[in-house]
Amino acid sequence: MSDKPIASRPPYADIAPALFDYSERVLFGDVWKRPELAPRDRSLITVAALVALYRTNELPFHLKKALDNGVTREELIELITHLAFYSGWPTANTAMTIAKRVFEEK
């Protein structure tokens, strides 16, 4: 495990250090660092998947990460609006509420 975490420390890190290590080293290290897609593109893909799959726990972290990776608020709003027609109105409504909260905090 590195001295400086790549991802913010999840609340389970103390009871599941192996899962934390895999997340940090493999997911946010190896996977997110692959050169075939830019971090900005990975963020768009990840946020879209989280919205479509109704993964509300992970969505705030990845919305913030998307903003840090250069995705604009307008692009995220458009992404969520577009997904309303593919993943359903409830997923989009919930995602938009989460996005609004993230934008207000940032």
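Which residue lies over the face of Trp32, and at what distance from the ring centre? In this predicted model, the residue in question is Lys65, which is placed over the face of Trp32 at 4.8 Å from the ring centre.

The structure contains 3 aromatic pairs. In one of them, the ring centres of Phe28 and Trp32 are 6.2 Å apart and the planes meet at 25°; because planes under 30 degrees apart count as stacked, the pair is assigned to that class. Phe28 and Trp32 are both buried. Phe28 also pairs with Phe61, here in an edge-to-face arrangement, with 5.7 Å from centre to centre and 75° between the planes. Phe28, Trp32 and Phe61 together make up one aromatic cluster.

Phe61, with a relative accessible area of 29%, is partly exposed.

Helix α1 also carries Ser23. The relative accessibility of Ser23 is 18%, so this serine counts as buried. When neighbours within four places in sequence are set aside, the contacts of Ser23 are Tyr12 and Phe28.

In soluble globular proteins, nonpolar side chains tend to be buried together. In the present model, the largest nonpolar core comprises 19 residues, of which Val47, Val51, Leu59, Leu63, Leu76 and Ile80 touch the most other members. Two or more residues are supplied to this core by each of the elements α2 (39-52), α3 (59-68), α4 (73-87) and α5 (89-105). The largest share, 6 residues, is provided by α5.

The contacts of Val47 illustrate the packing around one of these core residues. With neighbours within four places in sequence left aside, Val47 is in contact with Leu59, His62, Leu63, Ala66, Leu76 and Leu79. Among these partners, Leu59, Leu63 and Leu76 are also listed with Val47 among the residues that touch the most other members of the core.

Conventions
Residues numbered from 1 in each chain as written. Predicted model: local features only at pLDDT ≥ 70, side-chain atom pairs only at ≥ 80, totals over all residues. Heavy atoms only, no water. Core = buried A, V, L, I, M, F, W, Y, C linked by side-chain atoms within 4.5 Å. Buried < 20%, exposed > 50% of the residue type's maximum accessible area, 1.4 Å probe, protein only. Helix = DSSP H or I, 4+ residues; strand = E, 2+ residues; numbered from the N terminus. Contact = heavy atoms within 4.5 Å. Phe/Tyr/Trp six-rings, centres within 6.5 Å; stacked < 30°, edge-to-face > 60°. Lys NZ or Arg CZ within 6 Å of the ring centre and 35° of its normal.
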